[in-house]
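Subject: Structure handover

Hello,

Here is the structure for you to look through. My notes on what was found in it follow below.

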Amino acid sequence: MLCTRLTNARFLTMDPDHPVAHDLGIWQGRIAGLDEAVTSLPAREVVDLQGATVLPGFIDAHVHLAWTGFKQNTPSIAGHARVDDVLAVVAEAVARTRAPGDWVSIAGYDQRALGRHLTAAELDRVSDGRKLYLLHDSGHGCVVNTAVLDLLPADIPHENGFLAEQAMGAARALRLPHAQEDLAEAIGRAARTCLTEGVTACAEAGIGGTLFGHSPVELGAYQLARDKGLLPLRVQLMVSADRLRPVAAHETDGIPRALDLGLRTGFGDDRLSVGALKVYTDGGMMARTAALTRPYEGLDHAGQLQDDPDVLTDLIVDGHLAGWQLAVHAIGDRAADLALDAIERAQRIRPRPEARHRIEHAGLIRPDQLPRMARLGVGAVVQPTFLRCFGDDYASIMGEERAPWMYRGRAFLDHGIPLVGSSDRPVADGSPLRAVQFMAERASASGQLIGPDEAVTVDQALHAYTVAGARACHWEDRLGSLTPGKHADLAVLADDPRSVDISRIGDIEVVETYVAGRPSRPRA
């Protein structure tokens, strides 16, 4: 007997052997069969989906759940374009704290809205003895007041209180890490938001690191969230590469650095597992710290790498030698050069054809880099919504020649490079459907077309958020398509993304989300 049979729907299975179905059977959390294989079987429950369209649950291959959850409960200055209005929000947050010396966190900081960065002196006017920390929306910088600057070593660089990349990490390190209970609650909040958008599995893009790490025992917080029933979707955890340390392994292992006990990609279960090793090579376009080969338009610099190139290269190579899948953050083309050089060197030392190394973001990829990515078997984990939300700004700082190379789609597919969809939430909107719309139309929120030749079909965009996402996370045997034997993770939609006008895809309602055959909103 089936546990559940879903009927009267259009199932877009993403499985070429059975692309469309009208019935789907579920038994013990897995797909038991489709159509005639299940229509005559008895079921404890039969659910009439009333003509809805059903897809495999979306896979977001690059998110920050804890950061998202914390941001949802943090005072924000987003939407304010005047310095005085921003300072008023900060002053209100300060007034809600209990004592001088407290830390006050503010979200939503973006210098572009103000036309310039805030200064420490401006924040001092409203700090009332508190330590102020305004995190840049990109996650690649922050602005702090003098009370924080006074605690930093003298050699930490800043621009009137704005700290970028590793300098930001130094300010973050002054604070106590988050408690596991608080982390678990934040993770749960973000996970519930994902479910409302049809996301049933995701990859957390870096835990335990100095740049984005929330706690040295952050993995334990995810275990706590699962134990407390706060983790309603599947999560794979990328570990920050700065957690690697020298080990005295046997010489035949060839492992110079590793996580304790040799932990690596693949450990865990269907609900919570360890994924790739996250390596940061540069910053971001929003903060103007992505490492380019030529300067930003209108600026006298070309961004920055996170460390000395040789140090970053050795980190990537050592991660590969320790058996990890690599998720290399590289937004600028100079950073992508470094990533590809290091991966090629690593594969030459110890070939691992099925490592499925990834470049996270691949924000600016030159035409000459495409064949090399294909040859090395490196996937591109992109965030299409970056260009929908920030495309006008990004196009202006890249210039006419480089703008079409940003967050590519068609070129990756034409070269045989895996195109994987993700959001990087909370940096940008997390909705996979809005990202699918952008991938097909390449239009920013203002309507400006950005690299229209990089548009892909709706089917190809959906593939990026299902089949390709599953393969990038080594989940293809259990997720990514509605195939018998795989987990019954489903996104139930009010309309078919392949049938409506492209401009309407992002507004399609997610009616229900199933994980392991269970709806996120239990029926009465």
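The largest cavity has a volume of about 130 Å³. On a 1 Å grid over the protein atoms alone, a cavity is a set of points where a 1.4 Å probe fits but cannot get out. Grid points are joined across faces, edges and corners, and a volume is the space filled by probe spheres set on the points. Lining residues have an atom within 4 Å of a point. There are 18 of them around the largest cavity, and Ser138, His140, Ile331, Phe386 and Asp424 are the closest to its centre. Strand E17 (272–280) and helix H13 (385–402) are the elements that give two or more residues to this lining; helices (H or I, at least four residues) and strands (E, at least two) are DSSP runs, numbered from the N terminus. In total, the structure holds 4 cavities of 30 Å³ or more.

This is a predicted model: local features need pLDDT of at least 70, side-chain atom pairs count only at pLDDT 80 or more, and totals for chains, interfaces and linings use all residues. Residues are numbered from 1 along each chain as its sequence is written, and side-chain values use heavy atoms, with hydrogens and water left out.

Next, the largest pocket, with a volume of about 1100 Å³. A pocket is an open set of points with protein on both sides within 12 Å along at least five of seven lines. Of its 39 lining residues, the closest to the centre are Ser105, Arg172, Arg175, Leu176 and His178. Strand E9 gives the most to this lining, with 6 residues.

Then the nonpolar cores. A core is a set of buried (under 20% relative accessible area, 1.4 Å probe, protein chains only) Ala, Val, Leu, Ile, Met, Phe, Trp, Tyr and Cys residues joined through side-chain atoms within 4.5 Å. In the largest one, of 123 residues, Met285, Met406 and Phe412 touch the most other members. Helix H8 (residues 180–196) gives the most to this core, with 8 residues. Apart from it lies another core of 20 residues, including Ala93, Leu134, Val143 and Phe162.

Last, a sheet. An open sheet is formed by 6 strands in the order E3-E2-E7-E22-E23-E24, with mixed pairing; two strands pair if DSSP finds at least two bridges between them. The edge strands, E3 (20–21) and E24 (518–519), each pair on one side only. E2 (residues 10–12) and E7 (residues 53–56) pair in the parallel sense over 2 bridges, and phenylalanine 11 stands opposite valine 54 in E7.

Regards

How values were computed:
Buried < 20%, exposed > 50% of the residue type's maximum accessible area, 1.4 Å probe, protein only.
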